[in-house]
Amino acid sequence: MILSAREICKAYGQRQVLKRVSLDCDKGEICGLIGPNGAGKSTLFRILLGLIRQDSGVLSIPSDTAKPLGGIIEKPALYGYLSAYENLKVFAWVQGLPFSTSDYRKMMVQVGLDPERRDPVRNYSMGMKQRLGLAIALLNQPECVILDEPFSGLDPIGIRSLQEQIRILAREHGIGILISSH
């Protein structure tokens, strides 16, 4: 098991957002979390990624790697004035990761983007931005990727294309994928 959460609870003041939520995700498995807006999906994902703490419950991420999880919460936070290469380089630098041109090419091909493209990402479609966000989430070679509403704002072709990329990551790379959707 890459990721296991048991009886996770979280409240903001008097508002109980998560009440005894449990889930598991294993290598190569794609798991979905479905619920309406405001149901607590993003809150749970923030807890799983260590961005906020749960009030109670147990989170287990049995891994020997320094950063076993990667993720995108809501929309990917990209620097619109930078190219894809520059965005990836900045995010690698922030995480203290080495990053070369060959790393860039490999990453872009892995998520289905053209490594020759050099224009600012503000020119990218929403689907392309989602793919670049996925590349950023994969920078530290995580065992599990958490994607919060990755299909939001995409057209049907973009949804199918991103779904196929996610299947490839799970099937061919053995990455656990946890996806939320409403």
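Colleague: Why is Arg171 called exposed?

Modeller: In this predicted model, Arg171 has a relative accessible area of 54%. The term exposed requires a value over 50%, so Arg171 is classed as exposed.

Colleague: What makes the contact between Arg171 and Glu164 a salt bridge?

Modeller: The closest N and O atoms of Arg171 and Glu164 are 3.3 Å apart. The criterion is a nitrogen of Lys or Arg within 4 Å of a carboxyl oxygen of Asp or Glu, and therefore the pair qualifies. Glu164 and Arg171 are also linked with Arg167 in a network of salt bridges.

Colleague: Why does Glu164 count as partly exposed?

Modeller: Its relative accessibility is 32%.

Colleague: What makes Glu149 and Lys41 a salt bridge, and which parts does the pair tie together?

Modeller: Their closest N and O atoms are 3.8 Å apart; the limit is 4 Å, so the pair is counted. Glu149 lies in the loop between strand S6 and helix H5, and Lys41 in helix H1, so the pair ties together parts that are 108 residues apart in sequence.

Colleague: How many salt bridges does the structure hold?

Modeller: The structure holds 8 salt bridges.

Key. Residues numbered from 1 in each chain as written. Predicted model: local features only at pLDDT ≥ 70, side-chain atom pairs only at ≥ 80, totals over all residues. Heavy atoms only, no water. Salt bridge = Lys/Arg side-chain N within 4 Å of Asp/Glu carboxyl O. Helix = DSSP H or I, 4+ residues; strand = E, 2+ residues; numbered from the N terminus. Buried < 20%, exposed > 50% of the residue type's maximum accessible area, 1.4 Å probe, protein only.
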